[in-house]
Amino acid sequence: MADELRFDGRVAIVTGAGNGLGRSHALLLAKRGAKVVVNDLGGSHTGGGKSSAAADAVVAEIVAGGGEAVANYDSVEDGASIVKSAIDAFGRVDIVVNNAGILRDVSFQKMTADDWDLVYRVHVLGAYRVTAAAWPYMREQKYGRVVFTSSAAGIYGNFGQANYSMAKLGVVGFASTLALEGKKNNVVVNTIAPIAGSRMTETVLPKDLLESLKPEFVSPLVAWLCHESNSDTGGLFEVGGGFIGKLRWERTQGTVFRLGRAFGPDQVKARWGEITDFGKSEHPASVTESMAPIMANVEAGPSKGGNEFIDVDLALGYQFPESTSRYDERDLALYALGVGASRNPLDTTDLHYTYELDEGFQALPTYAVVPVVNGILDAGRRGETAPGLNFGLDRILHGEQYTELLRPLPPKQKLTHRSRVKAIYDKGKGAVVVNETKTFDEEGELLAINEVTTFVRGAGGWGGDRGPSAEVNVPPDRAPDAVLEDKTSEAQALLYRLSGDWNPLHADPGFAGAFGYARPILHGLCSFGYAGRHVLKAFTGGDARRFKSIKVRFADTVFPGETLVTEMWKESETRVVFRCKVKERDKVVISNAAVELYTEVPQKKSKASAPASASAAPAAGAAPGKITSGLVFEAIGAYLTKNPDVAAKVGTVFQFKLTSPASQWTLDLKLNQVARGETAVPECTLELSDADFMAMTEGKANPMKLFTSGKLKISGNVMASQKLDFLTKIDRKAMEAAAAGVAAPAAPAPAASEAPAPAASARAPEVFKALADRLAANPALAAELGAVVQFNVTGPDGQWVVDGAKVTPGRNSAAAAFLTLSDEDLAALAAGTADAKALFQHGRLRVDGDVRVAHRLGVLKNS
Amino acid sequence: MGRRVNVIGVGMVKFAKPGASEEYNVMASKAARLALADAGVPYAEVEQAYAGYVYGDSTCGQRAIYEVGLTGIPVFNVNNNCSTGSSALMLAKQAVEGGVVECAIAVGFEQMEKGALAAKWTDRTNPLDKHVGVMNDAQGVNQAPFAAQMFGGAGREYRWRYGTKKETFGKISWKARQHANRNPYALFGETLTLEEIMNAPEVFDPLTRYQCCPPTCGAAAAVVCSEEFARRHGIANPVYIAGQAMTTDYGSSFGDSMMKMVGYDMSKAAADKVYAQSGLGPKDVQVVELHDCFTANELITYEALGLCGEGEAEKFIDAGDNTFGGKYVVNPSGGLLSKGHPLGATGLAQCTELVWQLRGMGDKRQVPNARAALQHNLGLGGACVVTMYRRD
């Protein structure tokens, strides 16, 4: 075999090679070209006697087979002599197979010190001596292959083999370190644990089995591990009877006792199941990996403490299972009614929160807390909580609430919530737990962040972190800049609870009575919603889309029917500090509160699928399946996202004011955003009817024609409106799909502009052929052109020369005029549907040389 | 007709690229002081000032003139697009002509931004919307700078009508650079070959980059006065304004002709009025400063001013009748194309050049025997001012 693994030029030492495994290894290596030192003391397998016969026989067998070998009769304890034999005979040593061994099997009770020592000396000390003598040669030549021989008895234990087991596992550890030390000098060290019928196993295995476990089933692994092409090192392999497998260490994930917490035998016993559970395990392969969990615990530092209610170490940072929820316009409207919007149906200032067909329908942003609190309540009802939080709902009060929106809530959405225990504070008597929930939209983009701060009565006192204590959002010492009030309805709590907070405290007079309330109380988050709405009304003119965040502290109880007065102080363009009072009792019910605003309406980052959905409520009267201007703007957003170069090139903020039905859109090509309403100061405003807009985007109406006919009013930068030609490139298919309510194809051709033009077949050849025919038939016509004319036709390209009556493909650099035009325009000229002068003025017909030749392009006409 | 109005002092600063100039007030006050020094008249004698500029907040004129003196005189800020400078001059001239004042100064300046002209006020009706509409009907609109589309479109219309070669437009740039090379005040003094001009990137067919004037910063000024004032100050034989007329758009601007949209008829009518006022015809003129914002406009304006017959511009150019040795020297300064075009300053820089020419102070670019000089300054939107200067 030309490509068999060869050992030519290599010198191998095999100890204990007179019989069994050693002999088999030696014969195989020699057969494959290695020069072999066949070492064997010639004694019995229990260490008695000494003879040269066994080694000589193997050498003779090798030489007879055409190989090279020398015999060595030294004890492995005299390893240096064995290695010297190799150097003397062959000048080097490349391979050491530590195979020699003896047995002194006896039950431990009867085992003598001699039994122990002898087994140690042959297996461990012998392997050491031989390897130590060969090591400097291997290091020097930067090449070496060492195999140690271990045994299942060492790995797993075996009756009567305490000494042997000790020795056999001893070489495993020995080899593991040699493998590390040998690595940089290309010395590869591995260990085998063979099972084979040999003199040594005769005593422990049944005879018939021994015969089928031939040494020849082990030697191929040894040879491979010794081959120069093997670089795997530090391995331990079980081998025999045709099986080869590799061993590694496995460790349970175990358990960790936080430093500073109680740690004694009782705790070990308590955690025994965890400590011994291989259901969760790992496979450390180095000391570093072995140390990892230990170091982690040390680095984690002392425990954060806790008590029977709260185990801070367990609870803090706990990630709750992900949950989902969905809402739609109805939920938003119901919520808005629940927090007092549109109390007077004739007052339309809040109608955009409560009427989904309103032009500017918006989600009241404080709604973002509702699905989160509903989730917490549902989990509580199911008894689910974070580990280490061992208290019931009866102990808790909603202390503070922070709600932040990354952008306006879409009119409907499926939400995914990821919650964690963000902070735990020891307030002495009570404790404070802050749960943070991040809410993501359907596309996985972060939409809202809520922090629910709960006060847990009687759960503090473990001496832990007290948390921030500074008073925040304290109103300045002056009259409020705005005050708005709303009388709540007697049934307000009953209305609000329909948004999901089912707690009977807000509905059942008996239940409320049990808590010491004369009647059901209003939800704190209901007052929160009132306050948020008041701030928006006072400082954004009710445009909820600029809402960024709200932070409140719930200071006192409100009863349905009371009047909520929100006092507001404008701290900056983006920040309003406020508090809420109950008018009738002049009590502060919400304190330390502030709303932050965005200066501009924030937009969704990944607008790929639904750029304008943040505010794209269905337009009034929009029939399903019909493409609406809203869908067109969504598609424009998608197109612009896919083609960022368009925005980069145009760089203008356009505003579209559409009429019948009315809607307003901002195409911000500075930020590459499309959104409903006026989200940026427009540089160019276009006012036109919805229908004309649709016609324009379909390419059925020319914007400048609309402009000159007065149907399109452009203010601002008129010229910028000329950069809107990309509007005709919007993918209609995606819009149609969106209109039909199905997802657009995953990879829609983004725009006609990118797709190659339909492979129109060239019309120029026909035009010129017809011209040639006509000129041939009518010399007077040929004279009319009066000059040599070169036509350069584009898309598909082609060149023709018309010279008198001759029409030929090709070029003529001496032509009087060079006309460049598209195949399509040429065909149109021939058909009489285009006018050469108009084409020229539009720049579609370019003429170099004598322009007047182009006056006579009537000759192209087919008639 | 009122009194004869003399141009007794002129001055200008060397034009510079946007970003490389001094601020408007510095440039303008320098130009005003140069003009006053040229006239030999102290600022205290100036009774009114007309300050022209296009880009800038209100009362930049005062801010600039205050650096010359704080005498409390009326200062009028004038904004008339590219014809701003000569509009300011015309108001100063009218004030003297009508006997309101004896001496007035017109200062024009502009501190421009880089890049092509663009609308500044985008929240209101664009004053050029009707012009843009004409263009759209005639040739559509693309993304080239709008002025290049308008004047280039006029060039297309002319080419179609008369079969003019593209190179003929390029030759105007070639001539402009030849002239500018002799003018230390020009922004682009290096000459170009016709090949370089024609091979430059196309801005809008038929215009290549070198056929479009650059955005420029600069200032220029002129002091005008009555005969009596000149006599009192011992100014002998000054250059005077023999005729001056401004026209704005006629109905023909909004028809279907690009040439007329960009002001062909305004130019023609203004020139005719000036010829009638001055009693001089084109043939009496030796030197012309003509509004060559684009080569196409210079070409069609030869005909509007009657320097050659209609359709004869190519022949006129090929004969060299627009440069030294020909019938006229058009734009000895290098024109807007090479000297630069700071909108508000241009009209007064043209005036400065022509006054120097008539005084024989044209240096290396002096037009021989210059006795009558014609100025043409045009702004889209629109206004065209044509002025005939003379020196006895």
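**Notebook: rings, a helix and an interface**

I looked up A:Phe174 and found that this residue is partly exposed, with a relative accessible area of 22% (buried means under 20%, exposed over 50%, partly exposed in between, with a 1.4 Å probe and protein chains only). I then looked up A:Phe148, which is buried at 0%.

I note that this is a predicted model, in which local features need pLDDT of at least 70 and side-chain atom pairs count only at pLDDT 80 or more, while totals for chains, interfaces and linings use all residues. Residues are numbered from 1 along each chain as its sequence is written, chains are lettered from A and ligands numbered from 1 in the order in which they are written, and side-chain values use heavy atoms, without hydrogens and water.

**Rings**

I found 23 aromatic pairs over all chains (ring centres of Phe, Tyr and Trp, the last by its six-membered ring, within 6.5 Å; stacked under 30 degrees, edge-to-face over 60, the rest tilted). A:Phe148 and A:Phe174 form a tilted pair, with 4.9 Å between the centres and 55 degrees between the planes. This pair links distant parts of the chain, 26 residues apart: A:Phe148 belongs to strand 5 (residues 144-149) of chain A and A:Phe174 to helix 6 (residues 162-182) of chain A. Helices (H or I, at least four residues) and strands (E, at least two) are DSSP runs, numbered from the N terminus.

I also recorded one aromatic cluster formed by A:Tyr327, A:Tyr335, A:Tyr367 and A:Tyr496.

**Helix**

Why is helix 13 of chain A described as largely enclosed? Seven of the 10 residues of helix 13 (residues 329-338) of chain A are buried, so the rest of the structure largely encloses this helix. I listed the buried residues, among them A:Leu332, A:Leu334 and A:Tyr335. The buried residues of helix 13 of chain A pack against elements of chain A including strand 11 (323-327) and helix 18 (524-539).

**Interface**

I looked up the interface and found 32 residues of chain A in contact with 35 residues of chain B (contact means heavy atoms within 4.5 Å). How many salt bridges are there between chain A and chain B? The count is three (a side-chain nitrogen of Lys or Arg within 4 Å of a carboxyl oxygen of Asp or Glu). A:Arg846 and B:Asp205 meet in a salt bridge at 3.9 Å, N to O.
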